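This report describes one protein chain, from its overall make-up to selected local features. The sequence and structure are shown first.

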Amino acid sequence: MPMLTSTRFFLFVGDSLPLKKLLCISRTAKIHTSLRLHSRIDRYNGPLTLANIGIKCELDTVKKDKTNKLGETSLQAYKSLKAVRNIENKDVRVKNPLEIEGAPFAAVTFSKLGLSPFVIERLEKVGLTVPTDVQATAIPTISKGHDVIIQSYTGSGKTLAYLLPILSEIGPLKKKIDGEEEPVKKTGIEAVIVAPSRELGMQIVREFEKLLGPGDKKAVQQLVGGANRSRQEEALKKNKPAIVVGTPGRIAEISASGKLHTHGCRFLVLDEVDELLSFNFREDMHRILEHVGRSSSVAPSSGPQSRMSRLAERQTIMVSATVPFAVIRAARSWGRDPLLVRAKSVVPLESVSASGPVSLSSPTSSSTSNTVTQGAVVSLPPGLKHYYCVTRSHHKVDTLRRCVHALNAKSVIAFMNHTRQLKDSVFKLEARGIKAAELHGDLGKLARSTTLKNFKDGEVRVLVTNELSARGLDVAECDLVVNLDLPTDSVHYAHRAGRTGRLGRNGNVVTICEESEVFVVKKLQRQLGAPIFACEFTEGKLLVTKGEEEDDTLKR
Ligand SMILES: Nc1ncnc2c1ncn2[C@@H]1O[C@H](COP(=O)(O)OP(=O)(O)OP(=O)(O)O)[C@@H](O)[C@H]1O
């Protein structure tokens, strides 16, 4: 387009953004608001509890409306969205509906992926029939017994990608062995899932419980920090769960006390593996890797004999949207010929080298050559648009306000790095008539849970928060992420940005920075391999002031 090459041009985005095409559906048809709050919570803000983060209110919502939330985000719901079908529910008001334009769904159904019939049945019960791309690739690979790193952009459904093949092999929903009347209940822990925060751990437990159903939910046991340890130990003894999900500290602690027997364990999952391998968790992770299951250097192969021998070995599954090369190196040393599983590609980890960033802009491309020669694997959701806007420090909040109006954003998460400035920003936004709230660990439990509930319910338009919300916050309606302070690196950018554009939805990410910080944005752009357009907010519109063609930083 010739206009793009002019020294300065204006593209009016406000009216043409997909946000204008938003469809109206009932909140019950699609809202899935859940939280994963990270280990940084503790570092920055002290403990958060489930009650704090609104899980109770989420359960309350489920009670009000019997629709299962997993089902709500299923392909049927997506198709319903496409068909502009309004699902009426008088109890729940319509709030910021987003169209799923680039939904990452595969062209198969769950029933074609070799899962246990019991798992398929439960999936159908909760309204899930179509896997996402990464689920369709990961499930058969895990079922074959390979160690894997699952790397796929935020909100692409990585949790079910490992949870379903595990439930097909162990616990009450596992596949029947030929000649067996009913699946045999095995005593002893068969899967250990490790997550870096208790909130994320609880979130995973809830995903398991949804599929297991009320009758079988005791097959999974949480072992997260902050909860009563002796009660957890009693529950282990009484319920004899097949699966435990917990934080590194608590799992290592109970294991060291001799009350957690994981030597015969078949699956070890490290969710948010790059965080788990950080210095904070080093000792606990060392114990877990040493004690859970038995690693072996024997590669999986076919035949009954090898199946039996592989049953005695640990299968390690590592998961994250961001996989630095250090993780790949570590995984190579523990794993048995581990594979890197992405949305549509599976490559041996051995073939991944440390040089150069991986493109974030086309996560759905079935590449092998691109990925294997490159280093830190990071990816962004395809439905995101990235902008940056230069302003003076003291005008940042006003720029945020104009940004929210220009994009007509209904559900905004604004990231800042320091709590004190964060409070000021909330004050200024409120003074300018925007309903805003702060979320950080200095707040009490009740304040945190109320804030999140209000944000989920659409009563708070702008949630101003810090790094604690960067990983795991799953608010389907979030249509705008703003960096009021720059993230420390491209990995942090990816996790912050990933709070919008979940499950293929559209979303905007706007970084508001000072002139002296533009070089950092350019660096992020290079590392991410995705264009971040310079923009201004004028007369209620977002104006792109510099296009990709004009910006040579991407070409270097
Ligand atoms: N096959 C599916 N059909 C419909 N909804 C799905 C499907 N798989 C996952 N979801 C929903 O999509 C949302 C995102 O899934 P999930 O949290 O697993 O993403 P993720 O890739 O782990 O994201 P993050 O990297 O941010 O943690 C969740 O609300 C989940 O319930």
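## Basis of the description

Helices (H or I, at least four residues) and strands (E, at least two) are DSSP runs, numbered from the N terminus. The model is predicted, and local features need pLDDT of at least 70, side-chain atom pairs count only at pLDDT 80 or more, while totals for chains, interfaces and linings use all residues. Residues are numbered from 1 along each chain as its sequence is written, and side-chain values use heavy atoms, with hydrogens and water left out.

## Overall make-up

The chain contains 21 helices and 21 strands. Of its 556 residues, 60% are buried; buried means under 20% relative accessible area, exposed over 50%, and partly exposed in between (1.4 Å probe, protein chains only).

A contact means heavy atoms within 4.5 Å. Among contacts in the chain with a separation of 6 or more, 75% are between residues 24 or more positions apart.

## The annotated segment

An unreviewed UniProt entry places the feature "domain: DEAD-box RNA helicase Q" at residues 108-136. UniProt positions are given in the numbering used here, feature names are shortened, and annotations may be inferred rather than shown by experiment. In the model, residues 108-136 are 45% helix and 0% strand, and the C-alpha atoms at the ends are 8 Å apart.

E233 belongs to helix α10 (residues 229-239). E233 counts as buried because its relative accessibility is 12%. Its side chain makes a polar contact of 2.8 Å with the side chain of R229. Such a contact is a pair of N or O atoms within 3.5 Å; within protein, one must be able to donate a hydrogen and the other to accept it, and residues adjacent in sequence count only if both atoms are side-chain atoms. Not counting residues up to four places away in sequence, E233 touches I254, S257 and K259.

I254 is one of the buried residues of helix α11 (residues 248-256), which also include P248, R250, I251, A252 and S255. The elements covering these buried residues include α10, β4 (191-194), β5 (220-223), β6 (243-246), α12 (273-276) and α13 (282-291). Just after α11, G258 adopts a positive phi of about 85 degrees.

## Strands β15 and β16

Strand β15 (residues 436-439) is covered on both faces, with A436 and E438 buried on one side and A437 and L439 buried on the other. Four bridges join β15 to strand β16 (residues 462-465), and the two run parallel; strands pair if DSSP finds at least two bridges between them. E438 stands opposite V464 in β16.

## An aromatic pair and a loop

A search of the whole structure finds one aromatic pair. Y387 and F533 form this pair, which is tilted, at 6.3 Å centre to centre and 45 degrees between the planes. Rings of Phe, Tyr and Trp (its six-membered ring) pair if their centres lie within 6.5 Å; planes under 30 degrees apart count as stacked, over 60 as edge-to-face and the rest as tilted. The pair links distant parts of the chain, with Y387 in strand β13 (residues 384-390) and F533 in strand β20 (residues 532-538), 146 residues apart. Y387 is buried at 3% relative accessible area, whereas F533 is partly exposed at 22%.

E515 lies in the loop between β19 (507-513) and α21 (518-528). E515 is exposed, with a relative accessible area of 60%. Leaving aside neighbours within four places in sequence, E515 is in contact with V390 and T391. The C-alpha atoms of E515 and A252 are separated by 47 Å, and the two residues are 263 residues apart along the chain.
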